[in-house]
Amino acid sequence: MVKTCVVPGCDRENVFSSIGLGFYRIPAPRFASRRRAWCNAIFKGNGLAKAQQLSDVRVCGLHFQTGKPNSNPHNVDYIPNVFNSTTQQCSGPELDAIEGLLGLQSETVPVTSSKSREQELEEANESLNNEVRSLRCELKSAQDKLQKVTFNSNAIMNNNQQTKFYTGLPTFQLFIFIFDFIAPFVKKSQTSLTLLDEFFYFLVKLRLNLELNDIATRAGVSISTIHRIFL
């Protein structure tokens with residue numbers, strides 16, 4: 001028996017199935033959600049006559065991007081989606097009549113495109129990545145500023161020019177070598193400073209002959225703390 005595609009404006013018949021064009025039934029009433037989505041997608045043009053004998057109507061494969069329907073709700077071919085651009089929108093009463101013949105309520109079912117959902121996720125991910133990069137830049141800037149205002153052994157770390165200026169030693173590696181050599185024989189003063197920082201301030205005093213009050217101000221500690229190093 002010859003079957004004609006039910007899509008308004010499409011009169012292809014199943015005689016074309018011999019050349020690979022498939023014809024597919026509208027989902028059965030027990031699949032109400034998908035059946036309603038198919039009908040909302042199909043009946044957007046003229047053609048109430050196409051709604052006759054809806055229990056056994058067909059939709060040809062030309063209305064699916066892959067040539068046939070797909071059972072995955074996230075696939076674009078879950079419902080018919082390829083239509084003639086000249087198809088006109090049905091009026092409200094006409095669409096209600098079609099849905100009435102199908103035993104459906106007059107309501108639309110939103111069909112979310114998986115592509116648009118993926119795009120939303122990609123945009124959200126990109127936004128989060130941008131925020132992370134921005135926070136990392138802010139953290140690096142804050143660390144750089146802290147490094148600049150900190151006057152202790154970190155101020156000369158891996159910087160031979162600064163090491164020579166503040167301590168008189170030609171390299172930071174030599175500074176660490178001498179500290180490691182004498183540290184076991186040095187008694188730490190009763191301060192919150194590390195022994196390495198005390199050694200640094202000691203060499204700064206010898207090298208630049210700065211006032212203890214000046215060193216305390218630069219280091220951000222009390223004058224009494226610096227005094228204890230030299231007791």
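A salt bridge here is a side-chain nitrogen of Lys or Arg within 4 Å of a carboxyl oxygen of Asp or Glu. This is a predicted model, in which local features need pLDDT of at least 70 and side-chain atom pairs count only at pLDDT 80 or more, while totals for chains, interfaces and linings use all residues. Residues are numbered from 1 along each chain as its sequence is written, and side-chain values use heavy atoms, with hydrogens and water left out.

**View 1. Lys188 and Glu198 form a salt bridge.** The closest N and O atoms are 3.6 Å apart. Lys188 sits in the loop between H5 and H6 and Glu198 in helix H6, so the pair ties together parts 10 residues apart in sequence. Helices are DSSP runs of H or I with at least four residues, numbered from the N terminus. Glu198 is buried at 6% relative accessibility, whereas Lys188 is partly exposed at 34%. Buried means under 20% relative accessible area, exposed over 50%, and partly exposed in between (1.4 Å probe, protein chains only).

**View 2. Asp214 pairs with Arg218 in helix H7.** Their salt bridge spans 2.9 Å, N to O. The two residues are four apart in the helix, so about one helical turn separates them. Asp214 is partly exposed at 27% relative accessibility. Arg218 is partly exposed at 36%.

**View 3. Glu126 and Arg133 make another salt bridge.** Here the closest N and O atoms are 3.3 Å apart. Glu126 is partly exposed at 39% relative accessibility, and Arg133 is partly exposed at 44%. The whole structure holds three salt bridges.

**View 4. The largest nonpolar core has 21 residues.** A nonpolar core is a set of buried Ala, Val, Leu, Ile, Met, Phe, Trp, Tyr and Cys residues joined through side-chain atoms within 4.5 Å. Phe175, Phe200, Tyr201, Val204, Ile215 and Ile226 touch the most other members. Helices H5 (172-182), H6, H7 (212-219) and H8 (223-229) each give two or more residues to this core. H6 gives the most, with five. A second, separate core of 19 residues includes Val6, Cys39, Phe43 and Ile79.

**View 5. Phe202, Leu206 and Phe230 form a nonpolar surface patch.** The patch covers about 280 Å² (Shrake-Rupley method, 1.4 Å probe). Patch residues have over 30% relative accessible area and no salt bridge, with nonpolar side chains (Val, Leu, Ile, Met, Phe, Trp, Tyr) joined within 5 Å. Leu206 belongs to helix H6 (residues 195-208). Leu206 is exposed, at 57% relative accessibility.

Terms used:
Patch = residues over 30% accessible without salt bridge, like charges linked within 9 Å, V, L, I, M, F, W, Y side chains within 5 Å.
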